[in-house]
Amino acid sequence: MQFPTFQQLIQHIIYGITVGGIYALVAMGFTIIYNATDVINFAQGGFVMLGAMIMVSLNTTLNLPMPLAFFLSILIVTAIGIIFERAAINPVKNASVITLIIITVGASIFFSGIALPIWGQDPIYAKPFSSGDPVSFLGAKISLQQLWVLGITAVIVVAVQLFYKYTIIGKAMRATAINRTAARLMGINVRLMVLCSFALSAAVGAGAGMAIAPVAHASYDMGSMLGLKGFCAAVLGGLGNGVGAVVGGFTIGIIERLAIGFAPLGYSGYKDAVAFIILLVILFLKPSGLFGTSQK
Amino acid sequence: MIKDSSYKKHIPTVILAIILIIYPFASGNNYHINVMTLVGLYTMIVVGLNLLMGYAGQISLGHAGFFGIGAYCSGLLNVKMGLPPWISAIIAIIFTAGIAYFIGIPTLKLKGHYLAMATLGFGEVVHVILSKMDWLTDNPDGLADIKPFGLFGIKFDSSFVMGQYFMAWIIAVAILVISMNITNSRVGRAFKAIHGSETAASSMGVNIAKYKVQVFVLSAVYAAVAGCLYAHFRQFIAPSIFQLHTSITLVTMVVIGGQGNIWGAVLGTVLLTWLPEWLTVAEEYDIMFYGILLMVVMIFMPDGLVGRLTTLFHRLWSRFSPRTQAEENG
Amino acid sequence: MSTPILEVDNLRKEFGGLVAVNDVSFKVHPGQIMAIIGPNGAGKTTTYNLITKFYPLTSGNIIYKQKRIDHLPSHKMAGLGITRTFQSLQIMNNMTVLENVMVGYHCKSKHGLITAALRLPLYKKEERDGRNKAMSVLEFVGLESKADWPASSLSFGEQRMVEFARALVCDPDLLMLDEPASGLNIPEMEHMAELIYRVRDNGVTVMLIEHDMGLVMNISDVVTVLNYGQKIAEGTPRDIQNNQDVITAYLGEELDF
C-alpha cells in the first residue's frame, strides 16, 4: 500500500467528485425510469454516449456554438428516449424482469451499433466548454471542465428536484412512482408518465454525457461502463431513491478514486472492480440500499 | 403404454444426434464446424442456465464469470503448474463449483432485480480480475500456450476440427440427457415448485435455499465444463469473452429458445451463435441489427421460439384431439 | 383422553406493535376434525403460518407428538407429518396436475441430483412409487383423468382439489386445511366435506379454518373460536352455537348456522 500526500489525496477526492457527479446523473436516470416502470434500463449508458457524441458533432462538424449544441443535443436525445419508450417498452405488456432486461440491453447494443458506423471506433475530441488555466484548491488542481461537470451535475440535480416538486407532470410522476394503481384511480395517465420518465431520464443521461465528454474519451462504447457504474450507484443509494442515487454516485466516484490512490503500484487496474464490490456488499448486507426502506 | 411414451421421449435426442453426426461431413467447411463446436460449448452453459431460470425461476447475469473461472483455472493449472489438461479441467470444475456455492448462498437470498444485479456484479468482478491477470499470465492479452486435450495419443488441438467438434457435442449431449433426467425427477420438480410457489414448495418439504444453491452450482459446473473445453480447444484465452455481454447473450439464448424447455436451449444457442455470422452481410451495421433483433424477438415472442411453436402445435393438436379420444374410448 | 397430537401453548405473534395472535393455546387430539373459526382478521391463518413456521413466533411453544417443533424450519414440517393447504391457492402453474401432486411426495423420497442425473435404481423406484401414490390420491379426489393437464388450465374448484391431493400424498398425520371450501359451489363443497370425512376415517387428524358455518358445524368434532387474535371459546359445535361471546364477536357479520 502506498500513502499519498495530502495534496494528492485532495486531488484524488476532486477527481472522485467529478466522476461521481457523472455516476450520480446516470444513477438518477436509472432511478427515474425504475420508479415509473420497475424497468432497469440498461440503455441508460446509451443516452450518455449519444448526448456526448451528438453534441460534439453539432459543435465541430456543423460549427454550432457550444451552448446551442448542448441544448439541441439534449432535445435530440430526449426525442430518442421517447421513441425508445414508444417502440420497445410500451408494446410489451406483463413482461418478466428478464424480458425487459434483454430489451433494454438490445437497445443499448442498438445505440452503440448506430454510433460505431457514424463516429467510428476511436474516441473523438471534444472541446472543453471554456478555456483557461486550472484553479488551485488546497494545493490541488481543478480544471475548468471539472468545474463545469460539477456545475452541470448540480444544476441537473436541482432542476429535476424542482421539476418533481413544482410541476404538475412532476407531481403526477411522483404519485405514479409511489403507487401506480392509486395514481391511475386518481385520473393520472400512467402510460404518459412512463413516457415522461423515459424522456426525463434520456435528458439527464445526455447532460451527463456532454459534461464529461471533454474530460473522458467520448467514443461509441463510453456508455457501457458509465452505465454499469451508475447502476451500482443507484443500488447503493437504494434503487428508486433519487437522493440516494446522487449520494451513491458521489460515494462510488470518491471510493473508486481513493482506491487508485492507495492501491499498491500495479494494482490500480482493479479500480473497475471497486464499484461492483460495493454493489455486492450492499446487496448482501442491505439490499434496500443506504437510503432505502426495507425490501418488500 | 408407459413404455411407449418413454420411447417417444427419446426421439428428439436421437434426431439431434443424427443431425450432429451428419453436420460436419455435410458441411465440410472447417470454419462452420468450429462455429458449431462453439455452439456445443454454449449449449452446455445455456442448458444449465435454463435449469436455473426456466425451471427454478432464478436469474443470473453473471454466468460468463463461471465460464471464465473454469477456463482460466484450467488453463493456468496447465500452463503454470504443468498439470495434464484432463486433471486441470477436473480441478477447475471443482473449484468453480466451490466459488458458485459460496457466492450462491448470499446471492440466492435475493429476488428479481436484486438477484439480477448481484449476479451481474459478480460477473463484472470476475471479468476485472481476469483482465488484470498479466502478472500471472506473463501476457497482457491473455493466457497463451495452453496444451490441448490428448486421448490415446491423439491431440485435440485446433487443427483437429472434427475431434474438437465431436468431443464438444458428446459432452453437450451428455449434459442434455443428464439435465432431462434431472428435470423429470424429485429434484427437478423441486426446482419447478420453487418457481411456481415458494410457499407451497416449502410446505411440501422442499428446502428452498438448498435447492436454489444446488441448481446454481449445477449451472456453474456446466459453465465451467464449457470453459475448460474452450481453453484447451483454443489454447489461448482472452478476458474479453468472459464479460457481461456474453452473460447477457447466454441469458438471451435461454429466453429466445424458451424458458423451461431443454430443447429450446439448444435452438436458442444455435440461432444466437450463428446470428452474428449471418449479420456480417450487413457489414458495419451488424451490431445495430443484432440489437434490433433482440428487441423485436423479445417484444413479439417473450415466451421464446419453442414456446411459440408449442402453442401453435397445441392449437393444431387440440383440433385433432377429440377424434383421438373417441378412438381411445371406442 | 388420548395425548394430543398437537399442542399449542401461549402462541404469540406481534407484527411491529400489532398483536396478531395473542397467547393462544389449544390442543388437537388424534382422529379429530378441529375447526378454527373467527371473523376476518381474527388471526386464524396467522396461527397456521406460525404452526407451519412461515413466520417466526414472538413467543410460545408448539408441541407435536410430544416434541417441541417451534425451532424447526417450515420445510421440515411435511417430513414430520404436518401438511397444509392455502387459503389463497398456491398451485404451481408451471407444472402439470400430476407433477403438482408429486411435489407432495418430496418428503417421502430422498434421491438427489446425482441419483436422478444417472437414473440410478433408487430414482426409478421412488419415481414409480411417487407416481403411483400420486395417481391413487388423484383418483381419490376425482382428478385422475386430468393428471397430465397443466395445473393452470383447471377450474378453481379443481385447483383446490389438487392442493388437497398434494397435501395428502405423503400420508400426513395432521392435515391443516385453510378454507378448503371457499370459492367452491355447493356440489363441490359437499364433495370436499365427504373427502375430509374419509381422510379422517383413514386416521388423519384434520385442522380446518373455514368461514362456511354449515360445513364447520356439520363436520367438526371441536371448534376453537378466535377473535382479535385471542381464543374466546372452544367446544363442540353445539356449545359454540350457543356461546354468547361468539355471537357477540360475529355480531354484524352474516352468521348462518
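In the predicted model, I87(B) is located in helix α5 of chain B. Its relative accessible area is 42%, and the residue is therefore classed as partly exposed, since that class lies between the limits of 20% for buried and 50% for exposed residues. I87(B) belongs to a nonpolar patch on the surface, together with W86(B), I91(B), L151(B), F152(B), I154(B) and F160(B). The accessible area of these residues together is about 670 Å². Helix α5 of chain B, which spans residues 85–107, makes the greatest contribution to the nonpolar patch, with three residues.

The interface between the two chains was also examined. The size of an interface is often given as the accessible area lost when the parts come together. For chain A and chain B, the area buried between them is about 3,600 Å², of which 84% is on carbon and sulfur atoms.

In terms of residues, 41 from chain A are in contact with 39 from chain B. Polar contact between chain A and chain B is counted for two residue pairs, both at pLDDT 80 or more. The count of salt bridges between chain A and chain B is zero.

Technical notes:
Residues numbered from 1 in each chain as written. Chains lettered and ligands numbered in written order. Predicted model: local features only at pLDDT ≥ 70, side-chain atom pairs only at ≥ 80, totals over all residues. Heavy atoms only, no water. Patch = residues over 30% accessible without salt bridge, like charges linked within 9 Å, V, L, I, M, F, W, Y side chains within 5 Å. Areas by Shrake-Rupley, 256 points an atom, 1.4 Å probe, with all protein chains shown as cover. Salt bridge = Lys/Arg side-chain N within 4 Å of Asp/Glu carboxyl O. Helix = DSSP H or I, 4+ residues; strand = E, 2+ residues; numbered from the N terminus. Buried < 20%, exposed > 50% of the residue type's maximum accessible area, 1.4 Å probe, protein only. Contact = heavy atoms within 4.5 Å. Buried area = accessible area lost by both parts, 1.4 Å probe. Polar contact = N/O pair within 3.5 Å; in protein donor to acceptor, adjacent residues only side chain to side chain.
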